[in-house]
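Keep the viewer open as you read.

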Amino acid sequence: MSTVFTGISQLHTVSKVGTIEDAAFVVDDGQIAWVGSAKEAPEADERVDLGGRAVLPGWVDSHSHLVFDGDRAAEFEARMAGKGYAAGGIAVTMEATRNAGEKRLQELVAQRVAQAQAGGTTCMETKTGYGLDVESEELAARIAKEHVDEVTFLGAHLVPPGADSEEYVNLVVGDMLDAVAPHVGWIDVFCERGAFNYEQSLRVLKAGQERGLGVRVHGNQLGEGPGVGLAVELGAASVDHVNYLSEEDFEALANSETVATALPACDLSTRQELAPVRRLLDAGAHVAIASNCNPGTSYTSSMNFCVTTAVLQQKLSLDEAIHAATTGGARALRRHDVGEGKDAKGRPAKGTLAIGAAADFQVLDTPHAIDLAYRPGMVTTWRTYIGGKQVA
């Protein structure tokens, strides 16, 4: 059944068509079939009037950590009182997650995905990385696969307390990778002081590549380091955090297909310098914005909040911020439009409302998308659709 959506004040297609005022579009078989002016809209089997509201592609959240139990509110409170952030807090979540059990983790992940969808997110990546043993990582990967679009193996999130780092890397690239590989499409590593060094990170990522997994990197969060260079060296789809970059890092990203993913909510929570996305865009790099939803450093799935922060504090225009949080995130997951609304694997592209792309979109409860920044914290997503079907 085809459906024409009309009554749209602004339609941000995030495609070469741009933004259309007084717009309409047609959804057929879960994909965008037509886009244009409302007065030229074709007939369809069903008609939905959106009441003069703005429409955007659904957010593509390309970096999250949804499979966990417990929280780290005490750690956050201490940080707000002046204590510095260190990667070791992950171990606190590890204990709660290992003890949670499958039923509870299933329920928690389902709740978190529903909350994200209510905020306009229509495509999500999430990672393992809070179990840090073979059984727990396999369970996390299996649960994640049931609930999100893209799953990443992050056994190399932290060396568990009391473990030898080299022995733990052996476990990650051996039995742990064997256990999770059937359930994941990506491998990631926290290449950072307090976590894994360049040599260890390279070994982890190459082991994943040998198993056919795509590469992602946590890098340059706490200071300049090898993360960006490693990501570009291996042709990673993204390097995430990117708070502290050298001149060589800017140049490397600008001359590569690796997406620099900014995590604004995390930067605020850890009181790190906000990622230099303005300079990255000006240099010609691909940029994405993601939530980094996790219990320690970014306990939010609100992409609206992240986009607001990018506009108000990171000097992006509204269009740049929307692009980074939609098709930018899709590029970081290799789900972006490479032509005729399809991604490189011929699937309907995410993060755009081009003809042929997935009919994943959000309706804002305002006629003006700029209200995301103009009215910070006040604008909520009115409805969310995935494949043309309302999910929130």
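This is a predicted model: local features need pLDDT of at least 70, side-chain atom pairs count only at pLDDT 80 or more; totals for chains, interfaces and linings use all residues.

Buried here means under 20% relative accessible area, exposed means over 50%, and partly exposed is in between, using a 1.4 Å probe and protein chains only. Residues are numbered from 1 along each chain as its sequence is written, and side-chain values use heavy atoms, with hydrogens and water left out.

So what does the record say? An unreviewed UniProt entry lists H63, H65, H218 and N292 under "binding site"; positions follow the numbering used here, feature names are shortened, and annotations may be inferred rather than shown by experiment. These residues span 230 residues in sequence, yet no two of their C-alpha atoms are more than 12.4 Å apart, so they gather at one spot. Of these, H65, H218 and N292 are in the lining of the largest cavity. A cavity is a set of points, on a 1 Å grid over the protein atoms alone, where a 1.4 Å probe fits but cannot get out, and lining residues have an atom within 4 Å of a point.

Zoom in on H63, in the loop between β5 (59–61) and α1 (73–80); helices (H or I, at least four residues) and strands (E, at least two) are DSSP runs, numbered from the N terminus. H63 is buried, at a relative accessible area of 0%. Its contacts (heavy atoms within 4.5 Å), leaving aside neighbours within four places in sequence, include H218, D240 and N292.

N292 sits in the loop between β12 (287–289) and α11 (303–313). Its side chain makes a polar contact of 3.2 Å with that of H65.

Now hop to helix α6 (residues 198–210), whose 13 residues reach 18 Å from first C-alpha to last, close to the 18 Å expected (1.5 Å times one less than the number of residues). N197 caps its N-terminal end, with a side-chain oxygen 3.2 Å from the backbone nitrogen of E199. After α6 comes G212, with a positive phi near 85°.

Terms used: On a 1 Å grid over the protein atoms alone, a cavity is a set of points where a 1.4 Å probe fits but cannot get out, and a pocket is an open set with protein on both sides within 12 Å along at least five of seven lines; lining residues have an atom within 4 Å of a point. A polar contact is a pair of N or O atoms within 3.5 Å; within protein, one must be able to donate a hydrogen and the other to accept it, and residues adjacent in sequence count only if both atoms are side-chain atoms.
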